[in-house]
Amino acid sequence: MEERSALADWAAPRLERLSPGRRAHCLAVARLAARWAPRWGVASGDAYAAGLVHDLAREWDGPALLREAERLGWPVDEAERASPILLHGPVAAGWVREAGVGSPAIEAAVRYHTTAAPSLDALGRLVFIADALEPGRAYAGVDALRRVAEADGAAGYRAVLASTRSYLAARGIPVHPRTAAAWAQVAGEGRAEEEAPS
Ligand SMILES: [Fe+2]
Ligand SMILES: [Fe+2]
């Protein structure tokens with residue numbers, strides 16, 4: 001499925017500048033997010049658009065990302081300064097805002113696609129899991145995560161966050177405070193669901 005929009009037109013030459021693998025990943029995230037959008041209550045055009053542009057800054061190096069984030073007025077935090085690759089979401093979101101081709105919801109989904117955030121709405125959560133689960137992704141456990149997400153989007157979001165945490169913990173990579181806060185939030189939601197009378 002291809003979706004035409006001002007954002008897709010704006011993104012086309014920028015996607016061309018990415019490596020073929022990254023470009024294919026962006027398209028795959030866009031398509032998967034658009035396919036899942038209806039049951040998330042999200043407009044498929046918004047899901048497609050956010051997926052398409054989420055990694056436009058992913059191939060910039062750390063110093064360039066830091067400079068660009070500062071130019072765009074993003075308040076770079078300590079974790080991002082230590083690990084500037086985390087800035088590729090905020091930078092791409094800043095470009096979308098600057099170009100005036102998205103919406104605040106699309107910008108937020110792009111901004112937080114790497115770390116997640118407690119403020120993520122349905123579109124943001126959908127893009128977060130589509131990024132992790134698009135068909136080109138191949139890592140231990142991805143098929144099980146896909147099955148969870150296919151059956152229940154909210155459970156899929158919790159499972160992908162949990163898998164992100166395990167991945168980071170196994171490698172001793174510090175968890176960004178936004179990721180930790182997103183985890184605490186969904187852990188609470190999961191408990192509330194379990195405790196709710198059926
Ligand atoms: Fe990314
Ligand atoms: Fe990605």
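Which residues of helix 7 are buried? Keep that in mind while we walk through the model, and we will get there at the second stop.

**Before you start**

This is a predicted model, in which local features need pLDDT of at least 70 and side-chain atom pairs count only at pLDDT 80 or more, while totals for chains, interfaces and linings use all residues. Residues are numbered from 1 along each chain as its sequence is written, and chains are lettered from A and ligands numbered from 1 in the order in which they are written.

**First stop: the whole protein**

Show everything as a cartoon. You will find 11 helices and 0 strands (helices are DSSP runs of H or I with at least four residues, strands runs of E with at least two, numbered from the N terminus). Along the principal axes, the C-alpha atoms fill a box of roughly 50 × 40 × 30 Å. The radius of gyration, taken over C-alpha atoms, is 16 Å, which agrees with the value near 16 Å for a compact globule of 198 residues (the rule is 2.2 Å times the number of residues to the power 0.38). Of the 198 residues, 42% are buried; a residue is buried if 20 or more other C-beta atoms lie within 10 Å of its own, exposed if 12 or fewer, and partly exposed in between, with C-beta atoms placed from the backbone.

**Second stop: helix 7**

Select residues 104–111. This helix is mostly covered, with 6 of its 8 residues buried. They are Ile106, Glu107, Ala108, Ala109, Val110 and Arg111.

Keep residues 44–53 (helix 3) and 122–133 (helix 8) in view: their axes come within 10 Å and cross at roughly 50 degrees. Axes here are lines fitted to C-alpha atoms over the stretch in contact, and angles run from 0 to 180 degrees between N-to-C directions. The two helices are therefore oblique to each other (under 35 degrees counts as roughly parallel, over 145 as roughly antiparallel, 65 to 115 as roughly perpendicular and the rest as oblique). Show the side chains of Asp46, Ala47, Ala50 and Gly51 on helix 3, and of Leu123, Leu126, Val127 and Ala130 on helix 8; these residues make the contact (C-beta atoms, placed from the backbone, within 7 Å).

**Last stop: Ala6**

Select Ala6 in helix 1 (residues 6–16). Ala6 counts as exposed because it has 12 C-beta neighbours inside 10 Å. Finally, draw a line to Ala99: the two C-alpha atoms are separated by 10.0 Å, although Ala6 and Ala99 are 93 residues apart along the chain.

How values were computed. Two residues are in contact if their C-beta atoms, placed from the backbone, lie within 7 Å.
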